[in-house]
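Here's a quick briefing to read with the model open beside you. Keep the viewer handy and follow the topics in turn.

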Amino acid sequence: MADILYLVHRLPYPPNKGDKLRSYHLLKHLTVHHKVWLGTFVDDAEDWAHLPALQSQCEEVFAADLNPLLARVASLRGLATGEALSLPYYRHRAMRDWIAQLARRQRFDAVVVFSSTMAQYAEQLRAIAGPVPMLIDFVDVDSAKWTDYAKAHRWPMSWLYRREGRELLAYERRVAEQARCSFFVTEGEKALFQRLSATGAPIEALSNGVDSGYFAPLPQQANPFEADELPLVFTGAMDYWPNVDAVQWFAAEVLPELRQRWPTLRFTIVGRAPTPAVLALAGDAVRVTGTVPDVRP
């Protein structure tokens with residue numbers, strides 16, 4: 001049994017959206033075999049109620065309050081320092097203080113980092129405690145997403161996003177070269193990072209799974225669709241730009257052709273916080289649900 005510091009950019013509970021599903025199940029796996037100290041941020045006030053669920057699993061949990069608006073303002077310091085804006089966004093004095101005092105009273109066998117922005121705290125730990133082995137789950141190539149955002153926006157945001165993509169990639173490369181191993185969610189993301197970063201650091205694909213017991217069909221539950229409807233469902237956090245872009249594209253470019261072949265087909269968009277652009281898609285062929293108590297039906 002090892003002593004592990006686990007650093008996550010967002011409270012990994014409840015597992016109700018993509019990154020929290022992955023980070024929570026990684027935590028759940030680690031706590032079966034090891035003692036885990038968790039450092040994380042809370043960026044949604046409703047998540048504070050779920051802190052006890054994590055405290056019961058970990059040796060210690062430090063959760064810092066992250067105000068997204070204030071964090072955006074703080075991130076602009078990166079323009080002066082020449083670093084990616086994502087780093088000062090997650091740079092928090094209370095988190096740094098906790099890492100500093102933790103490093104002086106607890107010896108760790110490894111530090112596991114979820115999201116590149118949290119690697120700055122692993123670097124702080126290693127500067128105090130020595131070369132603690134680091135594993136990092138990048139999940140996606142975040143730098144590439146910022147570069148993609150630049151293509152879809154006008155100046156000055158296109159310049160800002162392109163800069164973020166460039167500076168964050170440089171940081172991702174540096175972190176990967178410090179880590180014992182880096183992980184990405186698919187072979188495609190792994191290959192993309194290897195191509196963009198040109199690094200020979202150890203990198204693996206660690207794919208997401210599906211809890212086939214939890215998601216088994218439940219015939220006793222009420223059918224949420226109309227009797228003659230052919231349902232097609234997209235689920236995800238609907239304030240996340242790639243998801244917004246995906247459903248807009250699908251509704252405009254694919255759905256009309258499908259409806260010509262199957263007139264009763266209806267596209268249902270399921271997920272929290274739909275943006276105005278997503279809500280505007282609602283109509284005869286598209287349903288937008290917002291948050292649902294259980295996504296399985």
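In S2, which residue is the bridge partner of leucine 5? That partner is tryptophan 37. Before going further, note that this is a predicted model, where local features need pLDDT of at least 70, side-chain atom pairs count only at pLDDT 80 or more, and totals for chains, interfaces and linings use all residues. Residues are numbered from 1 along each chain as its sequence is written, and side-chain values use heavy atoms, with hydrogens and water left out.

- Helices (H or I, at least four residues) and strands (E, at least two) are DSSP runs, numbered from the N terminus.
- S1 and S2 run parallel and are joined by six bridges; two strands count as paired if DSSP finds at least two bridges between them.
- Going from S1 to S2, the chain passes through H1, and this β-α-β crossover is right-handed. Right-handed here means that, with the strands pointing away from the viewer, the path from the first strand over the helix to the second runs clockwise.
- S2 also pairs with strand S3 (residues 60-65), again parallel and with six bridges. Phenylalanine 41 has alanine 64 as its bridge partner in S3.
- Strand S2 (residues 35-42) has seven of its eight residues buried, so it is largely enclosed by the rest of the structure. Buried means under 20% relative accessible area, exposed means over 50%, and partly exposed is in between (1.4 Å probe, protein chains only).

**Nonpolar cores**

- A nonpolar core is a set of buried Ala, Val, Leu, Ile, Met, Phe, Trp, Tyr and Cys residues joined through side-chain atoms within 4.5 Å.
- The largest one holds 40 residues, and Leu5, Leu7, Phe41, Val111, Val113 and Leu125 have the most contacts inside it.
- At least two residues of this core come from each of S1, S2, helix H5 (86-89), helix H6 (93-105), strand S4 (110-114), helix H7 (119-129), S5 and H9.
- Apart from that core lies another, of 20 residues, among them Ile4, Leu38, Val42 and Val112.
- Leucine 5 touches Trp37, Trp98, Ile99, Leu102, Phe108, Ala110, Val111, Val112 and Leu125, leaving aside residues up to four places away in sequence. Contact means heavy atoms within 4.5 Å.

- Glutamine 120 sits in helix H7 and counts as buried, at 7% relative accessibility.
- Glutamine 120 touches Leu87, Tyr90, Arg91 and Tyr171, not counting residues up to four places away in sequence. Tyrosine 171 is 51 residues from glutamine 120 in sequence, and 9.8 Å away in space, C-alpha to C-alpha.
- Alanine 63 lies in strand S3; at 16% relative accessibility, alanine 63 is buried too.
- Leu11, Thr40, Val42, Trp48 and Leu51 are what alanine 63 touches, not counting residues up to four places away in sequence. The C-alpha atoms of alanine 63 and methionine 95 are 8.1 Å apart, with the two residues 32 places apart along the chain.

**Helix H9**

- H9 has 22 residues, which at 1.5 Å a residue should span 32 Å; the end C-alpha atoms are 31 Å apart, which agrees. The expected span is 1.5 Å times one less than the number of residues.
- The buried residues in H9 include Arg163, Glu164, Tyr171 and Glu172, along with Leu160, Leu168 and Leu169.

- The tyrosine 13 to proline 14 peptide bond is cis, with omega near 0°. Proline 14 is in the loop between strand S1 (3-8) and helix H1 (18-33).
- Tryptophan 155 to proline 156 is also a cis peptide bond, with omega near 15°. Look for proline 156 in the loop between helix H8 (142-151) and helix H9 (157-178).
- Valine 139 isn't a glycine, yet has a positive phi of about 70°. Valine 139 belongs to strand S5 (residues 134-139) and is buried, with a relative accessible area of 15%.
- Alanine 273 has a positive phi of about 55°, and isn't a glycine either. Alanine 273 is in the loop between strand S9 (265-270) and helix H13 (276-279), and is partly exposed at 34% relative accessible area.
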